[in-house]
Amino acid sequence: MKYLFGILALMISVFAAAQKSVDLIIHNAKIYTVNQKFDVAEAMAVSDGKIVSVGTNKSVLKDFKAKDIQDFQGKSVFPGFIDAHCHFTGYATDKWKCELWGTKSWDEIISKMTEYAKTAPTEWLYGRSWDQNDWPVKEFPNKSRLDQLFPDRPVYLKRVDGHAAVANQKALDIAGITTATTVAGGEIEKINGKLTGILIDNAMLLVEKYIPEISDEMAIGYFADLQKVCFSYGLTSLHDCGITPHTFSLLEKAQDQKILDMKIFALLEDNPATYDEWIRKGRFTNGNITFGGYKVFSDGALGSRGACLLHDYADKKDWKGFMLRDPEQFGNLAKRLKNSDLQMCTHAIGDSANRTILKIYGETLGIKSDRRWRIEHAQIVQEPDFELFGKYGIIPSVQPTHATSDMYWAEQRIGKERLKHSYAYQKLLQQNGWLPLGTDFPVEEINPIKTFYAAVARKDAKHFPPNGFQKENALTREQALRGMTIWAAKAGFQENEVGSLEVGKAADFVVLNQDLMRAEEDDILQTTVLETFSNGKKVH
């Protein structure tokens with residue numbers, strides 16, 4: 001008997017010695033790996049922030065040991081969500097401004113700004129994220145009441161899409177804007193020969209250059225605050241679109257100070273003054289932060305009628321919107337970037353803008369390029385132009401909640417015929433076989449669950465419309481999940497690092513209160529994030 005116990009003890013000791021030590025083991029889970037086969041696993045082992053094993057409960061517990069072993073009791077686990085198009089730093093540093101998102105009338109905005117003026121941190125009164133399409137009278141406001149209330153303080157209120165603003169007379173005076181002022185790629189609105197205060201696209205820059213910046217320390221503090229919110233929604237990585245070199249340096253500084261853990265793929269704003277230095281630098285990664293290319297604007301937004309259309313707006317005769325720059329300038333930048341390892345990611349909403357940029361990309365890169373140059377939004381595309389995405393290997397980067405926000409008024413803007421070819425995500429996906437998804441926050445809400453629901457159900461948070469908006473362009477649940485994870489990673493050439501739960505990749509994952517892949521459609525929005533892990537560390 002002693003002999004048998006000895007053999008048993010020896011076997012246990014050999015077995016224990018054969019087990020590899022890791023930092024974390026999770027088991028008894030439903031792990032959607034989002035690998036090529038879309039396998040579902042039960043357990044996962046993590047060491048030094050990386051995944052070292054994914055498999056069955058039996059295999060992982062047999063091969064590995066850890067001080068931290070967690071029984072997930074059947075909970076659903078997904079790769080950390082990735083937002084392929086947002087404005088992280090811009091939204092963070094907007095926190096000192098008066099939040100106007102969701103306001104229902106110009107009167108409500110006036111009330112908010114009057115209250116904000118009592119404690120505003122600067123002389124400038126800056127409000128952000130109004131949308132006249134949410135008001136009973138869906139027309140741009142006029143500066144007259146702002147002039148009456150704030151004759152001696154500059155006021156600047158930016159629209160939700162960032163492509164239009166209303167400024168009071170004091171702000172216009174500071175910027176030197178008169179009825180004689182003109183600007184290329186923008187509009188200074190005048191009615192009956194008088195300034196209304198409405199500035200569209202490039203006209204906004206005339207005022208914005210006079211608005212003071214917040215301190216670097218305050219900005220980094222705001223980064224930390226917004227990071228907590230992002231982690232709470234399951235975001236572990238994001239693409240920050242259109243930032244300055246100084247903002248990039250602040251991200252690096254926040255990371256060095258152990259304040260920022262978020263993985264950020266950064267695209268610089270389109271500023272010719274940065275081309276020589278940053279194109280020469282090329283793509284590089286510093287810790288969790290990657291510089292990958294340039295974010296370029298070709299046209300404005302549909303809501304402010306700045307999107308460039310091939311034919312007149314349905315609700316504004318003799319108006320097609322405009323390109324923000326001469327097409328030759330986009331072509332020149334494309335030629336410069338072709339000889340680098342950087343991506344060109346261009347905002348294009350109107351069908352004219354999409355056609356122009358697709359052709360410039362195609363002429364520069366040729367057939368079936370794998371440079372992953374992107375068109376951000378790709379909202380309105382003429383039928384013959386869809387195939388150009390596939391022909392040239394151009395990636396449409398889309399935001400499903402744009403469709404469910406715009407559906408209330410988009411037909412009024414562009415008519416039924418053009419609407420058929422708008423927000424056509426399934427059709428766009430078919431061009432290359434993959435499609436990155438984002439939110440464009442703060443234009444839309446941060447929550448990626450709303451992205452998933454809008455993509456799959458084609459409904460907004462009110463479950464409207466009952467049968468979905470243009471349901472033929474809905475994505476399947478697997479496609480939507482891939483778009484928020486591995487395809488979003490692929491849009492920044494990061495698919496070998498993040499985006500799926502596979503051996504060798506970062507241990508970025510989220511634990512949800514229900515299974516997104518099986519929940520009833522109208523219950524999807526009840527999904528909440530229980531825990532978020534980044535590099536194997538619990539961050540929420």
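Helices, of at least four residues, and strands, of at least two, are runs assigned by DSSP and numbered from the N terminus. With these names in hand, the structure can be toured piece by piece. The model described here is predicted.

Val34 sits in the loop between S3 and strand S4 (40–41). Most residues other than glycine have a negative phi, and most peptide bonds are trans. Val34 is not a glycine, yet its phi is positive, near 55°. Is this residue buried or exposed? Val34 has a relative accessible area of 1%, and since buried means under 20%, Val34 counts as buried.

S3 runs parallel to strand S9 (residues 76–79), and 2 bridges join them. Within this pair, Ile31 has Val77 of S9 as its bridge partner. S9 is also joined by 4 bridges to strand S24 (residues 509–512), this time in an antiparallel arrangement. Here Ser76 stands opposite Leu512 in S24.

Another group of strands makes an open sheet. Its 6 strands follow the order S11-S12-S13-S14-S16-S15, with mixed pairing. Which strands lie at the edges? Strand S11 (98–99) and strand S15 (186–191) do, each pairing on one side only. Helix H4 (residues 106–116) packs on this sheet and touches S11, strand S12 (125–130), strand S13 (155–159) and S14. The direction of H4 makes about 145° with that of S12. Inside the sheet, strand S14 (residues 164–167) and strand S16 (residues 194–201) run antiparallel and are joined by 3 bridges. One point of this pairing can be found at Ala165, whose bridge partner in S16 is Leu199.

Helices can be looked at in pairs too. Two packed helices are described by the angle between their axes and the distance between the axes. For helix H8 (residues 216–232) and helix H9 (residues 245–256), the angle is about 65° and the axes are 10 Å apart. The crossing of H8 past H9 is right-handed. On the H8 side, the contact is made by Asp216, Glu217, Ala219, Ile220 and Phe223, which meet His246, Thr247, Leu250, Leu251, Lys253 and Ala254 in H9. Of the residues in this contact, 6 are nonpolar, 2 polar and 3 charged.

Ala84 belongs to strand S10 (residues 81–86), while Arg374 lies in strand S22 (residues 374–377). Ala84 counts as buried because its relative accessibility is 0%, and Arg374 counts as buried because its relative accessibility is 0%. What does the side chain of Arg374 reach at 2.8 Å? At that distance lies the backbone oxygen of Ala84. A polar atom of the Arg374 side chain also lies 3.2 Å from the backbone oxygen of Ala491. Leaving aside residues up to four places away in sequence, Ala84 touches several others, including His239, Cys241, Arg374, Glu376 and Ala488.

The tour ends around helix H16 (residues 425–432). H16 is largely enclosed by the rest of the structure, because 6 of its 8 residues are buried. Those buried are Tyr425, Gln426, Leu428, Leu429, Gln431 and Asn432. Their cover includes helix H13 (386–392), strand S23 (395–397), helix H14 (400–406), helix H18 (477–483) and helix H19 (486–490). Just after H16 comes Gly433, with a positive phi of about 90°. Further along, two cis peptide bonds can be picked out in loops. One runs from Phe441 to Pro442, with omega near 15°, and Pro442 is in the loop between H16 and helix H17 (448–457). Another joins Phe464 and Pro465, with omega about -5°, and Pro465 lies in the loop between H17 and H18.

Key: Residues numbered from 1 in each chain as written. Predicted model: local features only at pLDDT ≥ 70, side-chain atom pairs only at ≥ 80, totals over all residues. Heavy atoms only, no water. Axes fitted to C-alpha atoms, helices over the stretch in contact; angles between N-to-C directions. Left-handed = near helix turned anticlockwise from the far one by under 90°. Contact = heavy atoms within 4.5 Å. Nonpolar A, V, L, I, M, F, W, Y, C, P; charged D, E, K, R; others polar. Pairing = 2+ DSSP bridges. Buried < 20%, exposed > 50% of the residue type's maximum accessible area, 1.4 Å probe, protein only. Polar contact = N/O pair within 3.5 Å; in protein donor to acceptor, adjacent residues only side chain to side chain.
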